[in-house]
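Please look over the sequence and the model shown here before reading the report that follows. The text begins with a pocket and then turns to the sheet, the charged pairs and the backbone.

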Amino acid sequence: MNSSLIKLENYLKKIINSEELEQFIPSILEQFTELHLDKNQYLVEKGKTCSYFCFIEEGVLQHSIDIHGEEKTTYLALENTVTAALKSFKQKTPSRKNIKALCDCNLWVINLDKFHNLMLSLIHISEPTRQAE
């Protein structure tokens with residue numbers, strides 16, 4: 001495993017919170033690819049479709065919207081968190097907001113097809129666990 005995936009692996013362990021399901025973390029990590037954004041580079045721009053759901057390994061991403069020609073920050077996504085223009089990402093629709101790197105950022109990203117396949121496989125994996133309860 002790529003040593004820089006350690007932060008993402010630790011994040012997944014916290015949110016999965018199940019020893020039984022932790023065995024699937026390596027296959028989850030395989031679905032992510034590394035993406036670097038330079039300062040002021042966009043993850044997504046207003047009017048374009050958000051291509052990725054991402055984990056922020058390093059850096060800060062600013063979510064902003066335009067109100068009467070003025071940029072207004074709505075959210076700051078910090079290191080060791082996940083973010084996306086979720087509606088745009090999930091529905092493949094134009095984003096209402098910008099997501100911009102406030103500094104150089106290292107991200108781990110997953111596209112929608114891989115995200116859907118991952119969710120389907122996790123549902124199938126967790127079904128026997130739920131039925132056993």
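By class, the residues lining the second largest pocket divide into 4 nonpolar, 4 polar and 3 charged, where Ala, Val, Leu, Ile, Met, Phe, Trp, Tyr, Cys and Pro count as nonpolar, Asp, Glu, Lys and Arg as charged, and the others, Gly among them, as polar. This is a predicted model, in which local features need pLDDT of at least 70 and side-chain atom pairs count only at pLDDT 80 or more, whereas totals for chains, interfaces and linings use all residues. Residues are numbered from 1 along each chain as its sequence is written, and side-chain values use heavy atoms, with hydrogens and water left out.

## Overall layout

The protein holds 5 helices and 8 strands, taken as DSSP runs numbered from the N terminus (helices H or I of at least four residues, strands E of at least two). Read from the N terminus on, these elements follow the order α-α-α-β-β-β-β-β-β-α-β-β-α. Along the principal axes, the C-alpha atoms fill a box of roughly 55 × 30 × 20 Å. Of the 133 residues in the protein, 34% are buried, a class that means under 20% relative accessible area, with exposed meaning over 50% and partly exposed lying in between (1.4 Å probe, protein chains only).

## The two pockets

A pocket is here an open set of points on a 1 Å grid over the protein atoms alone, where a 1.4 Å probe fits and protein lies on both sides within 12 Å along at least five of seven lines; its lining residues have an atom within 4 Å of a point. A volume is the space filled by probe spheres set on the points, which are joined across faces, edges and corners.

The largest pocket has a volume of about 280 Å³. It is lined by 17 residues, of which Leu12, Ile15, Ile28, Met119 and Leu122 are the closest to its centre. At least two lining residues come from each of α1 (6-16) and α5 (112-132). The lining of the largest pocket comprises 16 nonpolar residues and 1 polar residue, with no charged residues.

## The sheet

Four strands make an open antiparallel sheet in the order β2-β7-β4-β5, two strands being counted as paired if DSSP finds at least two bridges between them. Because β2 (42-44) and β5 (70-77) stand at the edges with a single partner strand each, one side of each is left without a neighbour in the sheet. From one strand to the next the twist averages 30 degrees, with axes fitted as lines to C-alpha atoms and angles running from 0 to 180 degrees between N-to-C directions. The antiparallel strands β2 and β7 (residues 98-101) are joined by 2 bridges, and Tyr42 has Lys100 as its bridge partner in β7.

## Charged pairs

Side chains of opposite charge can pair when their charged atoms come close. The structure has 4 salt bridges, each a side-chain nitrogen of Lys or Arg within 4 Å of a carboxyl oxygen of Asp or Glu.

Glu9 and Lys13 both belong to helix α1, where they lie 4 residues apart, about one turn of the helix. Glu9 is buried at a relative accessible area of 16%, whereas Lys13 is partly exposed at 34%. In the second pair, Lys48 is partly exposed at 49% relative accessibility, and Glu45 is partly exposed at 32%. In the pair of Lys72 and Glu70, Lys72 has 34% relative accessibility and counts as partly exposed, as does Glu70, with a relative accessible area of 45%.

## Two positive phi values

Most residues other than glycine have a negative phi. Where does His68 lie? His68, whose phi is positive and near 55 degrees, is placed in the loop between β4 (61-67) and β5, and it is exposed, with a relative accessible area of 82%. Lys92 also has a positive phi, near 55 degrees; this residue is found in the loop between α4 and β7 and counts as exposed at 54% relative accessibility.
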